[in-house]
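This report describes one protein and the ligand placed with it.

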Amino acid sequence: MLKFVAKDGSEFILREPKIGDAESCLDYINELVREGAPIIINKVSTLKEEKKWLRRQIEDIKKKLNVTLVAEKNGEIVSICQLWRRAYRMSHVADFGVGVKKKYRGIGIAEAISREVFKIAKEKGIEIVRSWVFEDNGPSMTLHRKLGFVQDAILEDEIKDGRNYKDAFLMSLYLKK
Ligand SMILES: CC(C)(COP(=O)(O)OP(=O)(O)OC[C@H]1O[C@@H](n2cnc3c(N)ncnc32)[C@H](O)[C@@H]1OP(=O)(O)O)[C@@H](O)C(=O)NCCC(=O)NCCS
């Protein structure tokens, strides 16, 4: 558990999730979905689904298949940052996701939580982090570049929203270098 002081002076705790976080994680993800955030998930979840998802994440953390940290303020989950590790000959590679609730953006939370997740990932032998950024997600692109990601490819029509397609940038962070 780590204390983090954001740019506006407010304090957050960075820690692994626990099963008691289900309701707050549900508020977090549903808020992003309702906002229309440029993330893969575009359907609100139920508490039952969120509990199931959270249990799975916690099991996977124990099995070293997943690195997850949440940023919490007075019991409210304001950010989740995850790495999902691949298997076998790709077990040195992990896929990345991060988000921050709207009212807490712009004060350094995504950068801080991501850097902590990468530190843990390195200790667990993860060497390459991959991430898909929607073509129109400027804040996320800038964040990725600041974190040291490089663009490996443009994936045409990777995202489909109804009848509309978007490209995605495949970004990579080489932790060994
Ligand atoms: C992208 C996102 C995670 C950034 O979170 P955040 O906590 O606001 O980001 P931080 O405050 O830690 O910013 C770190 C760096 O990212 C970049 N950045 C963040 N927001 C930015 C913005 N609105 N415009 C331009 N750059 C931005 C900057 O380089 C910033 O560093 P700086 O403040 O020194 O300039 C947040 O906007 C979000 O949750 N968006 C919706 C979900 C999403 O897009 N997730 C990523 C999917 S790939």
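How many helices and strands make up the secondary structure of the protein?

## Overall build

The model is predicted. Its secondary structure consists of four helices and eight strands. Read from the N terminus, these elements follow the order β-β-α-α-β-β-β-α-β-α-β-β. The protein has a radius of gyration of 16 Å, close to the 16 Å that the globule rule gives for 177 residues, so the protein is as compact as a globular protein of that length.

The C-alpha trace covers about 40 × 40 × 35 Å along its principal axes. Buried residues make up 29% of the 177 in the protein. Among contacts with a separation of 6 or more, 59% are between residues 24 or more positions apart.

## The sheet

The eight strands form an open sheet with mixed pairing, and their order across it is β1-β2-β3-β4-β5-β6-β8-β7. At the edges are β1 (residues 2-5) and β7 (residues 150-161), each of which pairs on one side only. From one strand to the next, the twist averages 25 degrees.

Within this sheet, β5 pairs with β6 in the parallel sense, and three bridges join the two strands. Valine 93, for instance, has isoleucine 128 in β6 as its bridge partner.

## Helices on the sheet

## Around the ligand

Which elements each supply at least two residues of the shell around the ligand? They are the strands β5 (93-100) and β6 (128-134) and the helices α3 (109-123) and α4 (138-147). Of the elements, α4 gives the most, with six residues.

In total, 23 residues surround the ligand. The closest are Arg105, Ala110, Pro139, Thr142 and Leu143. By residue type, the shell divides into twelve nonpolar, eight polar and three charged residues.

## Summary

The protein has four helices and eight strands, and the strands form an open, mixed sheet. Helices α3 and α4, together with strands β5 and β6, each supply at least two residues of the shell around the ligand.

Notes:
Residues are numbered from 1 along each chain as its sequence is written. This is a predicted model: local features need pLDDT of at least 70, side-chain atom pairs count only at pLDDT 80 or more; totals for chains, interfaces and linings use all residues. A residue is near a molecule or strand if its C-beta atom, placed from the backbone, lies within 6 Å of it. Ala, Val, Leu, Ile, Met, Phe, Trp, Tyr, Cys and Pro count as nonpolar, Asp, Glu, Lys and Arg as charged, and the others, Gly among them, as polar. Two strands pair if DSSP finds at least two bridges between them. Axes are lines fitted to C-alpha atoms, for helices over the stretch in contact, and angles run from 0 to 180 degrees between N-to-C directions. The radius of gyration is taken over C-alpha atoms; the globule rule is 2.2 Å times the number of residues to the power 0.38. A residue is buried if 20 or more other C-beta atoms lie within 10 Å of its own, exposed if 12 or fewer, and partly exposed in between; C-beta atoms are placed from the backbone. Two residues are in contact if their C-beta atoms, placed from the backbone, lie within 7 Å.
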